[in-house]
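Please read the points with the model open beside them.

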Amino acid sequence: DDPQPRRRRVLLKLSGEVFGGGKLGVDPGTVRAVAEQIAAAVDEVEIAIVVGGGNFFRGAELSLSGMDRSRADYMGMLGTVMNCLALQDFLEQAGVETRVQSAITMGQVAEAYIPRRAIRHMEKGRVVIFGAGAGLPYFSTDTVAAQRALEVHADEVLMAKSGVDGVYTADPKKDPTAIKLEHLTYDEALRRDIRVMDQTAMTMCKDNKLDMVVFGMEGEGNVTKAIRGESLGTRVTA
Ligand code: UDP
């Protein structure tokens with residue numbers, strides 16, 4: 001039903017750490033810089049973004065302090081929406097048309113998640129920002145990134161990482177012999193328990209043969225390069 005997209009279409013996953021600049025809440029300078037990198041690629045590529053919320057709340061962590069897990073997860077999902085609005089603002093300041101779609105209905109600030117409408121937005125050159133995760137407790141925004149990528153027929157999932165520029169044979173911060181991998185299969189990643197994204201998400205990508213690129217945010221123009229499909233970081237395939 002969705003005609004073959006003529007342009008490249010990507011699903012970019014931005015975790016909460018990208019918004020907080022390593023701290024709690026939103027760091028406007030960091031978000032502005034990411035928005036400008038996205039704006040630089042929007043003429044060539046159709047872009048959907050799944051936004052994390054770890055800079056506000058993580059349900060699993062709150063539940064360790066005694067909160068009900070589901071309620072804590074809803075707090076986590078609401079946090080992602082604040083990140084969406086910050087990103088929307090800086091993208092629009094950079095001249096990019098955007099729509100936020102939320103998996104939890106909140107008509108004043110976001111459209112509802114309607115996948116076919118999301119595709120139309122992208123075809124018109126708008127960046128679609130998906131908030132509130134799946135709208136379901138016990139899920140992660142990584143899993144949502146895989147699911148949304150599949151549903152809007154993205155060519156690949158781009159996992160932006162902070163502090164690391166790809167997948168290594170071991171933790172490069174602890175093991176000086178660790179080497180960066182250019183390519184990896186989901187089976188290897190799952191077998192070696194490599195946590196570049198959660199296992200549910202990797203299984204979903206594997207089963208549906210969806211490629212993922214894991215790359216570091218830090219390099220000059222890296223987000224733009226990843227969106228344009230320039231090779232960087234580590235490619236994970238089925
Ligand atoms: N969350 C959820 N369901 C979803 C997506 C997210 O319950 O479909 C909650 C969960 O509590 C999670 C929090 O929202 O910890 C923030 O999302 P996530 O941890 O995936 O953000 P990131 O690690 O990417 O910053």
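**Notes on the model**

1. What covers the buried residues of helix 5 includes strand 1 (8-14), strand 2 (45-51), strand 3 (98-102) and strand 5 (127-131). Helices (H or I, at least four residues) and strands (E, at least two) are DSSP runs, numbered from the N terminus. This is a predicted model, in which local features need pLDDT of at least 70 and side-chain atom pairs count only at pLDDT 80 or more, while totals for chains, interfaces and linings use all residues. Residues are numbered from 1 along each chain as its sequence is written.

2. Helix 5 covers residues 115-123, and its buried residues are Ala118, Ile119, His121 and Met122; a residue is buried if 20 or more other C-beta atoms, placed from the backbone, lie within 10 Å of its own. Because they cover an arc of only 160 degrees around the axis, these residues lie on the same side of helix 5, the arc being that of the directions from the helix axis to the C-beta atoms. Just after helix 5, glycine 125 takes a positive phi of about 90 degrees.

3. The protein chain as a whole has 9 helices and 11 strands. Its radius of gyration is 17 Å, close to the 18 Å that the globule rule gives for 238 residues, so the protein chain is as compact as a globular protein of that length; the radius is taken over C-alpha atoms, and the rule is 2.2 Å times the number of residues to the power 0.38. Of the 238 residues, 46% count as buried.

4. The largest nonpolar core has 71 residues, and those with the most contacts inside it are Ile38, Ile49, Val157 and Leu158. Such a core is a set of buried Ala, Val, Leu, Ile, Met, Phe, Trp, Tyr and Cys residues joined through C-beta atoms within 7 Å. Helix 4 supplies the largest share of this core, 7 residues. Leaving aside residues up to four places away in sequence, isoleucine 38 touches Ile47, Leu91, Val96, Val127, Val223 and Ile227, where contact requires C-beta atoms, placed from the backbone, to lie within 7 Å.

5. Around the ligand there are 21 residues, of which the closest are Gly52, Gly54, Gly59, Gly76 and Gly133; a residue is near a molecule if its C-beta atom, placed from the backbone, lies within 6 Å of it. Two or more residues of this shell come from each of helix 3 (59-64), helix 4 (69-93) and helix 6 (141-151), and helix 4 gives the most, with 4 residues.

Note on methods
Buried ≥ 20, exposed ≤ 12 C-beta atoms within 10 Å, placed from the backbone. Contact = placed C-beta atoms within 7 Å.
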